[in-house]
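Give the cut-off behind each term where the term comes up.

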Amino acid sequence: MEALTPEEISRYKRHILLSEVGGVGQQKLKRARVMVVGAGGLGSPVLQYLAAAGVGTLGIVDDDRVSLSNLQRQVIHDSGTIGEMKTRSAAEAIARLNPHVTVLSYEERFSADMAEHHLGRFDLLIDGSDNFDTRYAAADAAERARVPLVTGAVGRFDGSLTVLKPYEAGPDGLANPTYRDLFPSAPPPGFVPACAEAGIIGALTGVIGTLMSMEAIKLITGIGEPLVGRLLLYDALAGRFDTVRYKRRAPSGS
């Protein structure tokens, strides 16, 4: 693995002091290539914390521009970047935070075709999108590419996240669950209102997005127990976390 420079050793000293991470773990972060879908409410803290952690390459997938109404929760952007493409605004913020990080920008919507051309260059996919079509597309693409997926969602005052590795077996020897084992089908159009209609508390996206970045760091460095087969739920108003376990569904007719 590529050695850390003296400046990097100083920058990441608090990581390196952790026996679970150490210099080897920091080198893994430096070598890692992570694609993040969405530079919005969830993507903002994900990108900020992974950049600060020293992830070597971050791919940002987003076709939207920064707007004033984004700034209440999309904290990687600021008033001076209103009107800019989110990929460019996020890349500028990352460069200020950590010049050691390479940013690859994809100013398009995530899709099966996009993933076919680009996902193979990455070790990990993080989905911070705000619609079910993209979530299912990300889950299918990650499974085909055999890369782990960290996926999260938020609404009003609650959020959730999980980790998917359906191409591997769990400790029990059974295949890990897929996204469709957790959510067999998308709700009808309009059943789940978008945040532009229902509203959302901005700090909630920080909580869930930061947890997503922690799962990514665990996956990259090989520490801890990622949320595979577990859905972590957060109720902001109650100040409560709950965990729901889920498994691979038996094939129909069996």
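## Salt bridges

The side chains of Asp78 and Arg96 meet in a salt bridge, with 4.0 Å from N to O; the term stands for a side-chain nitrogen of Lys or Arg within 4 Å of a carboxyl oxygen of Asp or Glu. This pair links distant parts of the chain, since Asp78 sits in the loop between β2 (57-61) and α5 (86-97), while Arg96 belongs to helix α5, 18 residues apart. Asp78 counts as partly exposed at 34% relative accessibility, whereas Arg96 is exposed, with a relative accessible area of 57%. In these terms, buried means under 20% relative accessible area, exposed means over 50%, and partly exposed lies in between, with a 1.4 Å probe and protein chains only.

The model is predicted, so local features need pLDDT of at least 70 and side-chain atom pairs count only at pLDDT 80 or more, while totals for chains, interfaces and linings use all residues. Residues are numbered from 1 along each chain as its sequence is written, and side-chain values use heavy atoms, with hydrogens and water left out.

The structure holds 13 salt bridges, and the table lists some of them, including the pair already described.

| Salt bridge | N to O distance |
|---|---|
| Asp78 and Arg96 | 4.0 Å |
| Glu168 and Lys165 | 3.4 Å |
| Arg230 and Glu225 | 3.9 Å |

In the pair of Glu168 and Lys165, Glu168 is partly exposed at a relative accessible area of 36%, but Lys165 counts as buried at 17% relative accessibility. Arg230, which meets Glu225 in a salt bridge, counts as buried as well, at 14% relative accessibility. Salt bridges that share partners also join Asp235, Arg240 and Asp242 into one network.

## The sheet

An open sheet of 8 strands runs in the order β3-β2-β1-β4-β5-β6-β7-β8, with mixed pairing. Strands β3 (102-106) and β8 (240-245) stand at the edges, and because each has a single partner strand, one side of each is left without a neighbour in the sheet. From one strand to the next, the twist averages 15°. Here two strands pair if DSSP finds at least two bridges between them, and the elements themselves are DSSP runs numbered from the N terminus, with helices (H or I) of at least four residues and strands (E) of at least two.

Strand β1 (residues 33-37) runs parallel to β2 and is joined to β2 by 5 bridges, with Val37 standing opposite Val61 in β2. Strand β6 (residues 158-164), by contrast, pairs with strand β7 (residues 230-235) in the antiparallel sense over 4 bridges, and the bridge partner of Gly159 in β7 is Tyr234.

Strands β7 and β8 also pair in the antiparallel sense, over 6 bridges, and form a hairpin with 4 residues between them, where Gly239 in the turn has a positive phi of about 65°. Asp235 stands opposite Arg240 in β8, and both residues belong to the salt-bridge network that includes Asp242.

## The helices

Helix α10 (residues 202-221) has 20 residues, which at 1.5 Å a residue should span 28 Å, and its end C-alpha atoms are 29 Å apart, which agrees; the expected span is 1.5 Å times one less than the number of residues. Because 14 of the 20 residues of α10 are buried, the helix is largely enclosed by the rest of the structure. After α10 comes Gly222, whose phi is positive, near 80°.

Two packed helices are described by the angle between their axes and the distance between the axes. The axes of helix α4 (residues 43-53) and α10 come within 8 Å and cross at roughly 40°, which makes α4 oblique to α10. The axes of α4 and α5 come within 10 Å and cross at roughly 30°, and these two helices are therefore roughly parallel to each other. Axes are lines fitted to C-alpha atoms, for helices over the stretch in contact, and angles run from 0 to 180 degrees between N-to-C directions. Angles under 35 degrees count as roughly parallel, over 145 as roughly antiparallel, 65 to 115 as roughly perpendicular and the rest as oblique.
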